[in-house]
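Hi everyone, and thanks for coming. I'd like to walk you through a structure that may be new to you, so please have a look at it with me.

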Amino acid sequence: LPFLVDDYFVPNGCFGDGDCQGGVLQLESTGCAEPDVPMQGACRVFTYTPLAEDAPGHRGYLGILFQRGEPGDVSIGRVPPLPVQRGARRVVFWAKVDAGPQEVAFRAGGANNWEGQTDPSLPYSDDFAVLKEATLTSEYQQLEIDLSEVEYEEVVSPFGWAIETTGRTAPLQLSISDVRWE
Amino acid sequence: VRRAPRLALWALVGVTACRGEDAYLGGGHETYVCGERCAIEQGAPADSGDWFWNPDSELGAAPEVVYPLSGSAHPVDLRQLTVQFRRGRADFRVFRVRVEAVEQRLAFDFFTPCIAVGDDGCRYALEPTVWDAARAELVGKSLRLSVTGSAGVQGAQRSSPAVPLSVVDTNLRNKGFYYWASVPQYSGSNVPRTGIFRLPFGADQAEPFLMPGTATNERDCGACHSVSSDGSTIAFTARDDDASPDQRSGSLVVKVTAQPNRRLFEPAGSYDSSMMALTSNGKRVLVAYDQQLVLRSAENDVASGYAPGDVITRLTAEDLGGKAGYFPEFSPDDDAVVVTLSDEQDSAIAVRAGDIAVLSYDAASGKFGRASVIAEGTEDVFNFYPTWSPDGRYVAFASAPRGLDEGGQLRKSYDQKMARLRLVGREGGEIHELSNATHQLEKWSTYPKFAPFSVGQSGSQFFLTFNSKINYGLLLDNDARLDSQRIAQLWMSEVDVTKLPDDPSSAPIWLPFQDPTAPGHLGIWTKEVKCRTDQGGAACAAGQRCEANVCVVVPK
C-alpha cells in the first residue's frame with residue numbers, strides 16, 4: 001500500500017446487459033484525452049450502450065469488476081484473489097461521465113458476495129463488500145470508498161462500478177482514472 | 001498533489017550527524033518550502049521536504065532507479081515520465097525524486113509515497129505542471145535523476161545512485177505518429193482492439209484510426225502500413241486474420257488520412273501487398289510482395305496520366321541483380337528508395353538473408369536506378385528494415401545473425417530476438433552500432449523508423465523509434481516472461497551524428513501513450529495529423545482541435 005488498482009487488476013468482470021457482448025461495452029485504455037486531474041494510474045473510458053428492453057440479454061444495468069488478468073474464464077467467482085497488504089483505509093479515484101447527472105454505484109470487494117448473496121458453487125468470493133453511490137457529472141470528481149471497517153487478507157475485486165439504465169438506450173461514457181488503494 | 005505558490009527553496013544545509021547512524025537528533029535547518037519547483041503527491045505528508053535533511057545512512061539498501069534509463073534523452077515535448085525505482089529499506093515512508101542540473105544548482109523535487117509495483121518496486125509519474133516547468137528550464141542541460149528514501153523527519157535516509165539523462169529540444173509537438181497496436185478489451189468478447197492508432201505527438205491519448213471490421217478496414221487485420229511524411233496519405237495491407245506465417249491474403253489499401261472511411265481505389269481480391277512505402281507527398285506507393293517491388297499510383301489526378309492504383313513500374317529480382325526487394329522506404333526528397341535485398345525468403349513478410357541497398361528514383365518517370373548495396377549481408381549476419389535519416393545522409397537498419405535459432409529454425413527478419421540497431425551512411429562505408437538505442441542484446445530491438453525532422457544547429461540530431469521487448473522499468477517485466485509472451489513496445493532514441501564514430505544514439509525512452517500490457521509496433525512519423533473530413537466538418541480526437549486542417553493538441 002498504496003497501489004494502483006490498474007497495476008494488478010483489469011476490468012474483466014462483467015455483469016448485466018448482454019454480459020458486455022455485442023458492442024454493449026467498449027473500452028479505451030490508451031488514456032483519456034483530458035484527464036485534467038492528477039493521475040498516477042491508468043485512465044480508462046468505458047462506453048456503455050444499454051440494450052433496449054425488448055432486446056435479448058437486456059438486464060437494465062451493467063457493471064464491471066476489476067479482477068486479476070487471468071487467461072480463460074474470467075466470470076465473477078472464477079477468478080482467484082490476490083493477497084493485499086492489510087490496513088488499507090480507502091479506495092480513492094476520479095470519475096466523470098460525458099453527460100450528467102448520472103447515478104453510478106461504485107464498490108470495493110463484493111465479488112460473488114454482494115448483498116449477502118454468495119454462490120457456493122463458485123470457487124472464489126470476496127470477504128467484504130463496500131458500496132459507494134455517487135452522482136457523476138461531466139466534471140471529474142474525486143471519490144473514495146471507506147475501507148476502514150474492512151478486514152481482508154486477499155482480494156478478488158478491489159474496485160468496480162455499476163449503472164442502472166432506467167430505460168435509457170443512448171450510449172453513456174464513463175471515465176475512471178487513478179484508482180488507488182491506500 | 002499539493003503545490004504551494006511560493007518559490008522553491010533549495011539550500012543544501014549541512015547537518016551534523018555520523019554516517020552509519022540510523023536516527024538523527026541534531027541538525028537544524030530551515031523549514032522546506034515546496035514551491036514552483038516542487039510537488040507533493042497524494043499520500044505523502046505536507047512536510048515531506050523536511051524529511052530529507054539528514055546525511056545518507058549506510059545501513060540497509062538504498063533505492064535504485066530502474067526507469068528512466070541511464071543516458072536517456074527526453075523530448076521537451078513529451079509530458080509524461082513515470083519514474084520507477086526499487087524502494088530499498090522497508091522503513092522508508094516518503095521518497096524524494098530529484099531532477100537536477102548540478103552545474104546550475106537547479107533542482108526539481110517530487111515527494112511521493114511508494115506507490116507499489118511488484119514486490120519491492122515503486123512508481124511515480126512526475127507531476128505534470130512541475131515537470132512541464134522542469135523540462136522548459138532544464139532543456140539542453142546535463143541532468144541527473146535520483147531517488148532518496150526517508151524513514152521520517154529524524155529518521156534514516158538513503159539515496160540511489162544518480163542516473164544521468166537529458167531533456168532535449170525535439171520540435172516533435174503535434175507531429176504525427178501512426179502505429180499498430182492491440183489494445184485489450186478485457187470484458188465482453190475479450191477480443192483486443194487491434195489496428196492502426198494515431199496521435200499528434202504530445203497528446204495523452206492515441207486515436208483508433210484504421211480498425212478491422214469497420215469502414216476504415218473491412219477485413220480482419222491491418223498492421224503493415226506506411227504514411228506519407230506530409231501526413232496526407234496512408235497505405236496498408238488489409239488481410240484475413242490467418243495464422244499462416246506466409247500471410248498471402250493481403251491486399252493493398254490506400255486512403256487519404258482525412259477520409260479513412262474511403263479508399264482511393266478498390267483493393268484487389270487477391271494477394272498484392274506485404275510491406276509498402278509512400279512517397280513524401282503520398283502520390284506514389286511502392287509495394288513489396290511476391291518477391292517484387294511494384295510502384296503504383298496513389299493519386300486521383302487525371303493530369304498525372306495514371307488512375308489511382310495503376311501500376312507504373314515493376315522491379316523483380318532480375319532487375320535487382322538476382323535478389324528481391326523488401327521493406328522499401330523513400331528518401332526524404334523522394335530521389336531514392338532504400339530496400340532490403342534478399343535471395344533467401346522466409347515468407348512473404350520475412351527474409352533470412354539481406355543487404356541494405358539504395359536505388360535512385362526519378363519521380364517524373366517513375367523509374368529506378370541500379371541498386372547500390374550500402375550494407376552488405378554476410379554469411380554470418382543479415383540486414384533488414386532500413387530507414388532514412390531526415391537529412392537523407394544516413395540509413396538506420398536492423399541486423400541479426402544468420403543460422404539456426406534456439407528452436408532449430410532458421411532466423412528470419414520478422415519477430416527476430418537477436419535483432420539490433422545499426423547505422424550506415426547513404427553511400428555505405430563503416431557500419432555503426434546503435435548500442436545505446438538497442439540497449440540490450442537479444443531483446444528484439446527492431447524495425448527502426450526515423451522521425452522525418454531534425455533539431456540542433458546543424459540539424460544533426462534525429463529521433464529514431466523502434467520496437468523492442470526490453471523491460472519498461474518495473475511496469476513491464478519482459479525478462480520475467482517466456483520469450484513467446486514478451487510484449488513489444490515502441491521506444492525512441494536520439495541519434496546525434498556529430499558523435500560519430502562513437503555510438504551516436506541515446507538510451508531509449510518508452511513512448512507513454514502505449515498500454516504496457518499490449519503490444520505496439522511499427523511507428524511511422526508524419527509532419528502533421530490531418531483533420532478528418534468524413535464525419536461532418538473537420539474532426540480531431542478528443543483533446544485536440546483542428547487548425548488549418550491539422551489536428552493539434554489543446555494545451556493544458
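B:C551 has a relative accessibility of 0%, so this cysteine counts as buried; buried means under 20% relative accessible area, exposed means over 50%, and partly exposed is in between, with a 1.4 Å probe and protein chains only. Its partner is B:C540: the two form a disulfide with their sulfur atoms 2.1 Å apart, where a disulfide is a pair of cysteine sulfur atoms within 2.5 Å. B:C540, at 22% relative accessibility, counts as partly exposed.

Before I go on, a word on what we are looking at. This is a predicted model, in which local features need pLDDT of at least 70 and side-chain atom pairs count only at pLDDT 80 or more, while totals for chains, interfaces and linings use all residues. Residues are numbered from 1 along each chain as its sequence is written, chains are lettered from A and ligands numbered from 1 in the order in which they are written, and side-chain values use heavy atoms, leaving out hydrogens and water.

Back to our pair. With -95 degrees about the S-S bond, the link of B:C540 and B:C551 is left-handed. B:C540 lies in the loop between β36 (520-526) and β37 (544-547) of chain B, and B:C551 in strand β38 (residues 550-553) of chain B, so the pair ties together parts that are eleven residues apart in sequence. Strands here are DSSP runs of E with at least two residues, numbered from the N terminus.

How many disulfides are there over all chains? A search of the whole structure finds five. In chain A, A:C14 and A:C20 are joined, with sulfur atoms 1.9 Å apart. The torsion about their S-S bond is about 90 degrees, so this disulfide is right-handed. A:C14 is buried at 16% relative accessible area, and A:C20 is buried at 4%. In chain B, B:C114 is linked to B:C122, S to S 2.1 Å, and that link is left-handed, with -95 degrees about the S-S bond. Both B:C114 and B:C122 are buried. If you number the bonded cysteines of chain B in sequence order, the pairing reads 1-2, 3-4, 5-7, 6-8.

Now to the cores. A nonpolar core is a set of buried Ala, Val, Leu, Ile, Met, Phe, Trp, Tyr and Cys residues joined through side-chain atoms within 4.5 Å. Which residues have the most contacts inside the largest one? They are B:V97, B:F110 and B:Y179, in a core of 75 residues. A second, separate core has 45 residues, including A:C20 and A:F106. As for B:Y179, not counting residues up to four places away in sequence, this tyrosine touches several others, among them B:F197, B:H225 and B:F513; contact means heavy atoms within 4.5 Å.

Last, some strands. Two strands pair if DSSP finds at least two bridges between them. An open sheet of four strands in chain B has the order β28-β29-β30-β31, with antiparallel pairing. Its edge strands, β28 (381-388) and β31 (428-433), each pair on one side only. Inside the sheet, β29 (residues 394-401) and β30 (residues 420-425) of chain B pair over six bridges, and B:Y394 stands opposite B:G425 in β30(B).

Elsewhere in chain B, strand β32 (residues 446-450) is mostly covered, with five of its five residues buried. Three bridges join β32(B) to the antiparallel strand β33 (residues 461-468) of chain B, and B:K449 stands opposite B:T465 there.
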